[in-house]
Amino acid sequence: MTPVLVYGAYGHTGRFVVDELRERGFEAVPSGRNPAKLPGGRTASVDDPASLDRALEGVAAVINCAGPFAETALPVARAAIRAGVPYVDVAAEIEANLDTLGLTADTAVVPAMAFFGGLADLLATAAMDGWTAADEVHVAYGLSGWHPTPGTLAAGRVSRERRDGKRVRYAGGRLEYRDDALPRREWVFPEPLGPRPVFGEFSMADIVTIPRHLRVRDVTSYLTADAVQELAAAGEREAAEEFVVDVVVRAGGEERRIVARGKDIYAVSAPLAVEAVDRLLTGRTKVQGVATAGEVFDAADFLRALAPRIAVERP
Ligand SMILES: NC(=O)c1ccc[n+]([C@@H]2O[C@H](COP(=O)([O-])OP(=O)(O)OC[C@H]3O[C@@H](n4cnc5c(N)ncnc54)[C@H](OP(=O)(O)O)[C@@H]3O)[C@@H](O)[C@H]2O)c1
């Protein structure tokens, strides 16, 4: 069995990733900073590179699920690079994603390989299908709710601090930091969701992953207003949400659309991350080194492999 280290293995998402690896015939090697929560696992701290090197001994790849990634992404990715094995994380923090994408490596380093960041990158890349450039990419998230985990809330806080409370969007070919309020509008999702109020320019990791490798002028994410309000009033994560990710790409007056549906944005991040590791370890890649999902994988083929947990259609 191929051993894969899961850093942050006892977190909400880490547990899904451990289960997914085992179901797919990998040996999941749990790791994290708290030995009390890791019976039989490998304790390692991001402040102690030697402990990370020991945790990585003999494994074939690492999936980092420990967020906020502002603290964990670079130390764990650097340890993977030292060990010469692929690194994948589920970070949805724009600043941490940028840090990771700024590394240089011969081995694969793939940040944001999860629901936010990775999935929309695969969808937009598949929708572009042969186009070399686009004017606009729109990524609309229709969530039936959003009960975030403590890790998500902490990541959001850290990200806002890192950008001095500003919001960020991708417009005119660059990231732009702004002080004004998020625009509100309506997005017409495919049925049965239909028209819904959304917050536009809701900063998602997609504004980093997509323009990293696709020539696009504007990348805009939208999130259903109900989900934004639930996120703001968050308590315990009690229920899994249904999701629709509606991606529209436009170039020179032409439009293409692709839609993904499923349930539980945390649980589906596990098949995304594990499918990535499987492909990295079996050489099913387009590029080497540091890259995002749509850049490194055959997007349409990757999306097909996610069925039935993520069902993709082109309406
Ligand atoms: N891109 C996406 O769509 C997506 C999907 C799922 C999750 N995520 C992100 O993944 C992260 C984890 O989410 P979660 O739902 O699993 O949250 P969670 O249940 O709160 O778990 C967070 C985990 O991270 C660990 N951790 C935090 N800071 C650490 C540090 N400095 N060193 C070592 N371990 C640390 C925690 O360990 P302790 O208990 O020891 O603190 C815990 O195991 C969040 O940042 C979340 O936003 C993103």
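**Figure 1. Pairing of β14 with its neighbours β15 and β13 in the predicted model.** β14 and β15 run antiparallel and are joined by four bridges; two strands are said to pair if DSSP finds at least two bridges between them. Strands (E, at least two residues) and helices (H or I, at least four) are DSSP runs, numbered from the N terminus. β14 (residues 254-263) also pairs with β13 (residues 242-251) in the antiparallel sense, over 10 bridges. In that pairing Val 244 stands opposite Arg 261 of β14. Two residues separate β13 and β14, which form a hairpin, and Gly 252 in the turn has a positive phi of about 50°. In a regular strand, side chains alternate between the two faces of the sheet. This is a predicted model, in which local features need pLDDT of at least 70 and side-chain atom pairs count only at pLDDT 80 or more, while totals for chains, interfaces and linings use all residues. Residues are numbered from 1 along each chain as its sequence is written, and side-chain values use heavy atoms, with hydrogens and water left out.

**Figure 2. The hairpin of β8 and β9.** β8 (167-171) pairs with β9 (residues 174-178) in the antiparallel sense over five bridges. Arg 167 stands opposite Arg 178 in β9. The hairpin has two residues between its strands, and Gly 172 in the turn shows a positive phi of about 60°. Four of the five residues of β8 are buried, where buried means under 20% relative accessible area, exposed over 50%, and partly exposed in between (1.4 Å probe, protein chains only).

Figure 3. Asp 164 lies in the loop between α6 (150-162) and β8 and is exposed, with a relative accessible area of 68%. At 17% relative accessibility, Glu 201 counts as buried.

**Figure 4. Surroundings of the ligand.** The ligand is surrounded by 26 residues, the closest being Tyr 10, Arg 33, Lys 37, Phe 116 and Thr 149; a residue is near a molecule if one of its heavy atoms lies within 4 Å of it. An N or O atom in the side chain of Tyr 10 is 2.6 Å from an oxygen atom of the ligand. For Arg 33, a polar side-chain atom lies 2.7 Å from a ligand oxygen atom. Gly 67 places a backbone N or O atom 3.4 Å from an oxygen atom of the ligand.

**Figure 5. Two cis peptide bonds, at Pro 68 and Pro 308.** The bond from Gly 67 to Pro 68 is cis, with omega near 15°. Pro 68 is located in the loop between β4 (61-64) and α3 (69-83). The bond from Ala 307 to Pro 308 is also cis, with omega near 5°. Pro 308 belongs to the loop between α11 (299-305) and β15 (310-313).

Key. A polar contact is a pair of N or O atoms within 3.5 Å; within protein, one must be able to donate a hydrogen and the other to accept it, and residues adjacent in sequence count only if both atoms are side-chain atoms.
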